[in-house]
Amino acid sequence: MSDLAFITDGTFGVVFLIAGLIDAGINHCPNEGCIAKNDVQAYNTLSVGETVFQEDSVGEEVYYRRDTGFATGPFQWIYGVSATSDGELWAGVGQAVTYSIANDRLYTQLHAMAGLYEDGDGADLGGPIEFRSGIEIGYQNKKGVRMGLSIDHRSNAGLYSDNPGLETVQFRVSIPTN
């Protein structure tokens, strides 16, 4: 088990859901509705980072993610694709919840996604359906560009008999779009 697994074994997915539901209850239900459609800032995001499997650094990953301009309550719809230096491919869709402080300059974002995985010459994660969840902490400049550090976890949540996890530690840059 990875040194990072104690915080990435699905914990991010649970934290994402609980935080999002609390946010919906406090900020959305009394106003437009708990999961009412609303417009949010869209982003194109590129990240690069190191992949970790069973306590070993096993390669590098490039990851593109689109944070759409559409949200239901606090849950912003996202999709992404990634490739590693070992030929692993992942593509998925899900949602993110973002919290900002300090005049919207500092932010934390939680995400949870479901996707398809091809192991190439990399880690066998047990099967083709893999979930990705994580947290990003960063800074947003005056023009809305975000720069952050992110950690996420991929595993199959017990869908298959073998359920190892793959972690990615990455630097992420998000450019706002219309």
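Visitor: Which residue lies over the face of Trp-90?
Guide: Arg-132 does, 5.1 Å from the ring centre. A charge counts as over a ring if NZ of Lys or CZ of Arg is within 6 Å of the ring centre and within 35 degrees of the ring normal. Bear in mind that this is a predicted model, where local features need pLDDT of at least 70, side-chain atom pairs count only at pLDDT 80 or more, and totals for chains, interfaces and linings use all residues. Residues are numbered from 1 along each chain as its sequence is written, and side-chain values use heavy atoms, leaving out hydrogens and water.
Visitor: And what lies over the face of Tyr-107?
Guide: That's Arg-146, at 4.8 Å from the ring centre.
Visitor: How are the rings of Tyr-63 and Trp-90 arranged?
Guide: Their centres are 6.3 Å apart and their planes sit at 75°, so the pair is edge-to-face. Rings of Phe, Tyr and Trp (its six-membered ring) pair if their centres lie within 6.5 Å; planes under 30 degrees apart are stacked, over 60 edge-to-face, and the rest tilted.
Visitor: Is Tyr-63 buried or exposed?
Guide: Buried, because its relative accessibility is 1%. Buried means under 20% relative accessible area, exposed over 50%, partly exposed in between (1.4 Å probe, protein chains only).
Visitor: New topic: which side chain makes a polar contact with that of Arg-65?
Guide: Asp-67, at 2.8 Å. A polar contact is a pair of N or O atoms within 3.5 Å; within protein, one must be able to donate a hydrogen and the other to accept it, and residues adjacent in sequence count only if both atoms are side-chain atoms.
Visitor: How accessible is Arg-65?
Guide: Its relative accessibility is 0%, so Arg-65 counts as buried.
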